[in-house]
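Work through these exercises with the structure in view. Try each task before you read its solution.

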Amino acid sequence: LDSFMGRRGSRRGSVGWSMGPEPGPVPGTSLMKCAVRLGAGNITFADKEPVPEPTNYTVRLKVKAASLNPIDYKMPKMSLGRYVGCDVAGVVDEVGPGVTEFAVGDEVFGVAQFGKSGGIAEYSICEAKMLAKKPENLAWDKAAGSVVTYITAYGAWTDRAKGGMQKGDAVLVIGASGGGGVAPGQLA
C-alpha cells in the first residue's frame, strides 16, 4: 500500500496505515489513488478515481491515515459500495453545505461515508455527524485504527435493546485479541 500510494507510510501494529505528510492528487487534476472493492475479499488499487466532492452535511478529508477492518474485505461490493476503508483520519479539505461543526484545516477522525467513499484513499467523504476532532496528542494511525472497533464494542455493551451493560455490571472478556477483543478489554 505504501509503495502504491507513493508515500512514506508508517505501520504500527496491524491497525493503522499513515499516508505521510502530503496526501492528495497531482495538482491540477481531479483524480486520486484509492483502494477499490471488486467483491467480497477482492480488493485492488486504482490510481485514476475521481476526487469526491462533498454534498449536504458532509466534509472532504485529505486522508492522513486509515485502517482495514474485517468488514472492509469480507462484505460484498453491493453492501458497502466500491470504495474500501471505514476508518479514516485526516484534515478537513472542503466543507459541504449545512456543516457548521467543522472548518477547513480541522484535524478529525471517524467513519467514511458508506457506499460513496472509503478511507484508504487520498481523499475521503465523511458525514459530519460521523466525525470527531482529533486530540492533538493522538497519532494519526491510532485515531484511524480505533473507530470501528470501539464503536462496535461500546455499542454491544450499551445497547439496552440487546441486553447491554449498565453501570456496576460485571464483564468477562474472553479472547481479548485483535480490535474486537482489545477494545472491550480497555473499555472494561
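**Exercise 1. Locate Tyr 57, then decide whether Tyr 57 is buried or exposed.**

Step 1. Tyr 57 sits in the loop between strand S4 (42-50) and S5. Helices (H or I, at least four residues) and strands (E, at least two) are DSSP runs, numbered from the N terminus.
Step 2. Buried means under 20% relative accessible area, exposed over 50%, and partly exposed in between (1.4 Å probe, protein chains only). Tyr 57 has 54% relative accessibility, so Tyr 57 counts as exposed.
Step 3. Now check the backbone. Tyr 57 has a positive phi of about 65°, although Tyr 57 is not a glycine.

A note on the source: this is a predicted model, in which local features need pLDDT of at least 70 and side-chain atom pairs count only at pLDDT 80 or more, while totals for chains, interfaces and linings use all residues. Residues are numbered from 1 along each chain as its sequence is written, and side-chain values use heavy atoms, with hydrogens and water left out.

**Exercise 2. Find the strands that pair with S5, and say how many bridges join S5 to S6.**

Step 1. Two strands pair if DSSP finds at least two bridges between them.
Step 2. Take S8 (residues 123-127). S5 (residues 58-67) and S8 pair in the antiparallel sense over five bridges. Thr 58 stands opposite Glu 127 in S8. Leu 61 stands opposite Ser 124 in S8.
Step 3. Take S6 (residues 87-95). Eight bridges join S5 to S6, and these strands run antiparallel. Val 59 has Val 95 as its bridge partner in S6.
Step 4. Nine of the ten residues of S5 are buried, so S5 is largely enclosed by the rest of the structure. S8 is mostly covered, with four of its five residues buried.

**Exercise 3. State how H5 and H6 cross, and which residues make the contact.**

Step 1. Two packed helices are described by the angle between their axes and the distance between the axes.
Step 2. The axes of H5 (residues 147-158) and H6 (residues 178-187) come within 8 Å and cross at roughly 60°. Axes are lines fitted to C-alpha atoms, for helices over the stretch in contact, and angles run from 0 to 180 degrees between N-to-C directions.
Step 3. That angle makes H5 oblique to H6. Angles under 35 degrees count as roughly parallel, over 145 as roughly antiparallel, 65 to 115 as roughly perpendicular and the rest as oblique.
Step 4. H5 contributes Thr 149, Tyr 150, Ala 153, Tyr 154 and Trp 157 to the contact, and H6 contributes Gly 179, Gly 180, Ala 183, Pro 184, Gln 186 and Leu 187.

Technical notes
Contact means heavy atoms within 4.5 Å.
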